[in-house]
Amino acid sequence: MPRRHMKATGAAEAPLRAALRELRTTLDVPGDFPAAVLAEAETAVRTPRLPAEDATDIPLFTIDPPGSVDLDQAMHLARRDGGYRVHYAIADVAAFVTPGSALDAEAHRRVQTLYFPDGKVPLHPPGLSEGAASLLPGQSAPALLWRLDLDAEGRPVTTDVRRALVRSRARLDYEGAQRQIDTGTAEEPLALLKDIGTLREALEVERGGISLNVPEQEVTERDGGYVLEYRAPRPADDWNAQISLLTGMAAAGLMTASGTGILRTLPTAPDGAVARLRRSAKALHVDWPHHVSYADLVRSLDPREPRNAAFLQECTTLLRGAGYTAFTGGVLPVPAVHAAVAAEYTHCTAPLRRLVDRYAGELCLAAVAGQEPPEWVTTALDTLPKEMAEGGRRGNTVERECLDIVEAIVLRDRIGEVFDAVVVDVKENDPAAGTVHLEEPAVVARVEGGDGALPLGERLRVRLTEADPGRATVRFTPA
């Protein structure tokens, strides 16, 4: 899955690091791993619980951002009679982490990997997450190996998952994978990513699912400073995400059939939320005929067009309310479906970076084997949803605050300058205040202080009045 990576060097380093230190303190972000945890990790690296099955003959490959070393997933795609075969290997963290150990307790304290511009705060010690447990090329590693057989339309026919030793052959990044596919130079296992991904996208349309192609603010260093740019997802990003979605849906199916599991759920958006989006679309001059569904509209929009990008950002409000719901005894939660996926779904493909995925993997292994899940898994189901919710909130806050800090760093020497922007939100109780998307640099910030109501959806010249990295604050006023 795509991940945002930011590094901190150059002229802006000192104020950025000071602001990030303060943010870490405020959010009580975990620091270095305790000595006991590191000692356990070192032992685990030397003595993992290796599986009996050897699947190192499958020529797997990974697709991740450049420089990534915590590689959760590797795949191999092939044709089979009347369809396709997807092998999807997921790092087997449970081969290294003993339930109830100091290493396990620390993972529950951290919940997920946090990404900062000056480095990440990993869920597991780097010796595991970036070393022995990572699916690095040329390295044999224990994995949960999924085999998903699909028909000619990309629908699952059979599902299997088991522990196996695997070895990735190649580490690709999204840009390189896209280039190989576009130029026709990709070997069949990679070329099939487009075929299978496109089929899965069509099935997503059929079931009413939605994948939001929201442009991301991306931080890069340039000439000793920082640049913020918008980056729209590539098709290869989406095809790769479809393989992960396919696996998460298959995992949810195994859990619901067995009667025990933990799902990623999202309630259907209330009518009022959709009505608000219709008002936003009108204000942003995004054409939304009444006979066109929300899902069909979203798919039709080019995220590289500023108005569409602003509307897609507004659409993320419908994803609020996502959470984790555990169940036992065959009693499924209500809702059991993830509204954006439009199917039952779970997180199981990123155990190096997200705590719940280790438990989901164990539940799926037990379901396929027709066995009861391990006790350490079932006893954790009561508390996992709350742990994941708290960890998710902290992760979202880190991402939002880090972007605010970098925006302030980028703009701190430009107080008084005028920029081109688009008004993407106006406060209902104060129409003179709202939010603007700058076209260059890629900044999203508050605007206030004008004489009249802001023109929602219209271009507006704005003057920078505040850019304070210490307070993570950027403010504009109409020029």
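Ring pairs join Trp-288, Tyr-294 and Phe-311 into a cluster in this structure. The model is a predicted one. In total, the structure holds 4 aromatic pairs. Trp-288 and Tyr-294 form a tilted pair. Their ring centres lie 6.3 Å apart, with 40° between the planes. Both Trp-288 and Tyr-294 are buried. The pair of Trp-288 with Phe-311 is edge-to-face, because the planes stand at 70° and the cut-off for that class is over 60 degrees. Here the ring centres are 6.1 Å apart. Trp-288 has a relative accessible area of 9%, so it falls under the 20% limit for a buried residue. Phe-311 is at 0% relative accessibility and therefore also counts as buried.

Two arginines are placed over aromatic rings. Arg-24 lies over the face of Phe-116, at 4.1 Å from the ring centre. Arg-264 lies over the face of Tyr-324, at 4.5 Å from the ring centre.

Helix packing was examined for H5 and H6. Two packed helices are described by the angle between their axes and the distance between the axes. Helix H5 covers residues 174-183, and helix H6 covers residues 188-207. They pack at an angle of about 85°, and their axes are 10 Å apart. H5 is therefore roughly perpendicular to H6, as the angle falls in the range 65 to 115 degrees. H5 contributes Ala-177, Gln-180 and Ile-181 to the contact. H6 contributes Leu-190, Leu-193 and Lys-194. By class, the contact has 4 nonpolar residues, 1 polar residue and 1 charged residue.

Gly-457 lies in the loop between strand S14 (444-447) and strand S15 (459-468). With a relative accessible area of 0%, Gly-457 is buried. Gly-457 and Ala-283 are 174 residues apart in sequence. In space, their C-alpha atoms are 5.0 Å apart. Residues up to four places away in sequence aside, Gly-457 touches Ala-283, Leu-284, His-285, Arg-307, Val-422 and Val-423.

The backbone was examined next. Most residues other than glycine have a negative phi, and most peptide bonds are trans. The peptide bond from Val-334 to Pro-335 is cis, with omega near 0°. Pro-335 lies in the loop between strand S11 (323-327) and helix H11 (356-369). Ala-342 is also found in the loop between S11 and H11. Its phi is near 60°, a positive value in a residue other than glycine. Ala-342 has a relative accessible area of 23%, so it counts as partly exposed, between the limits of 20% and 50%. Val-111 likewise has a positive phi, near 75°. The place of Val-111 is in the loop between helix H3 (102-110) and strand S4 (114-116). Val-111 is buried, because its relative accessible area is 4% and the limit is under 20%.

Note on methods
Residues numbered from 1 in each chain as written. Predicted model: local features only at pLDDT ≥ 70, side-chain atom pairs only at ≥ 80, totals over all residues. Heavy atoms only, no water. Axes fitted to C-alpha atoms, helices over the stretch in contact; angles between N-to-C directions. Helix = DSSP H or I, 4+ residues; strand = E, 2+ residues; numbered from the N terminus. Parallel < 35°, antiparallel > 145°, perpendicular 65-115°, else oblique. Contact = heavy atoms within 4.5 Å. Nonpolar A, V, L, I, M, F, W, Y, C, P; charged D, E, K, R; others polar. Phe/Tyr/Trp six-rings, centres within 6.5 Å; stacked < 30°, edge-to-face > 60°. Buried < 20%, exposed > 50% of the residue type's maximum accessible area, 1.4 Å probe, protein only. Lys NZ or Arg CZ within 6 Å of the ring centre and 35° of its normal.
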